[in-house]
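Let's take a walk through a protein model together. Keep the 3D view open and turn it as you read.

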Amino acid sequence: MERAHRSLTTTFVSSKNSCPRSIIVRFLSTQDKDLDLRSAWSLAPLKISDQTIRFDNNFSPLVMSKRRACVPLIKSLKKEGIKAQLIFPARIRISLPEGKKTVDSLKEASTFVQKRTF
């Protein structure tokens, strides 16, 4: 971990019922970040003093919308028994018996899947 800090707020929050501010963590390597996130997600739901603690990636709204658009295709591939996963920012890696195929767009992935017969 390189550094960690609380997110900024516009006003001072002193109410006991208010939610705590987010903590932003910067890691030196992606592998460390992924390992820590997987470990935290395996403990979910994590609660401290009746407060639920959540862990997530900090993607921009543009990246999140691109990733959300890929989810239906990935789910349909998984129903067919084909391993598929999202890799940053919004690329799809499809694991097939003959090897892995990485596509850069949803359109390219859809075309690739339609050409294959399962």
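How many nonpolar, polar and charged residues does the lining of the second largest pocket have? By class, there are six nonpolar, three polar and four charged residues in that lining. Here Ala, Val, Leu, Ile, Met, Phe, Trp, Tyr, Cys and Pro count as nonpolar, Asp, Glu, Lys and Arg as charged, and the others, Gly among them, as polar.

Before going on, some ground rules. This is a predicted model, where local features need pLDDT of at least 70 and side-chain atom pairs count only at pLDDT 80 or more, while totals for chains, interfaces and linings use all residues. Residues are numbered from 1 along each chain as its sequence is written, and side-chain values use heavy atoms, with hydrogens and water left out.

Now for the overall plan. The protein chain has three helices and seven strands. Starting at the N terminus, its elements run β-β-α-β-β-α-β-β-β-α. Both kinds of element are DSSP runs numbered from the N terminus: helices are H or I with at least four residues, strands are E with at least two. Of the 118 residues in the protein chain, 18% count as buried; buried means under 20% relative accessible area, exposed means over 50%, and partly exposed is in between (1.4 Å probe, protein chains only).

Back to the pockets. Rolling a probe the size of a water molecule over the atoms shows where empty space is left. On a 1 Å grid over the protein atoms alone, a pocket is an open set of points where a 1.4 Å probe fits, with protein on both sides within 12 Å along at least five of seven lines, and lining residues have an atom within 4 Å of a point. Grid points are joined across faces, edges and corners, and a volume is the space filled by probe spheres set on the points.

The second largest pocket holds about 330 Å³ of space. It is lined by 13 residues, and K33, D34, N57, R67 and L86 lie nearest its centre. With six residues, α1 gives the most.

The largest pocket has a volume of about 1,200 Å³. Of its 27 lining residues, I23, I24, R54, F55 and D56 are the closest to the centre. Elements giving two or more residues to this lining are β2 (23-26), α1 (30-42) and β4 (51-53). The lining divides into 12 nonpolar, eight polar and seven charged residues.

Let's stop at I23, which sits in strand β2. Is I23 buried or exposed? I23 counts as exposed because its relative accessibility is 56%. Leaving aside neighbours within four places in sequence, I23 is in contact (heavy atoms within 4.5 Å) with A4, H5 and R6. I23 and H5 are 18 residues apart along the chain, yet their C-alpha atoms are separated by 5.6 Å.

Next, find the open sheet of three strands, with the order β5-β6-β7 and antiparallel pairing. Strands of a sheet pair through backbone hydrogen bonds, either parallel or antiparallel. Two strands are said to pair if DSSP finds at least two bridges between them. Five bridges join β6 (residues 91-96) to β7, and these two strands form a hairpin with two residues between them.

Helix α2 (residues 61-79) lies across β5 and β6, running at about 165° to β5. Helix α3 (residues 106-115) touches β6 and β7, and its direction makes about 20° with that of β6. For such angles, axes are lines fitted to C-alpha atoms, for helices over the stretch in contact, and the values run from 0 to 180 degrees between N-to-C directions.

Most residues other than glycine have a negative phi, and most peptide bonds are trans. The peptide bond from A44 to P45 is cis, with omega near -5°, and P45 is in the loop between α1 and β3 (46-48). Another cis peptide bond joins F88 and P89, with P89 in the loop between β5 and β6. S49 is not a glycine, but has a positive phi of about 50°; D50, also not a glycine, has a positive phi of about 65°.
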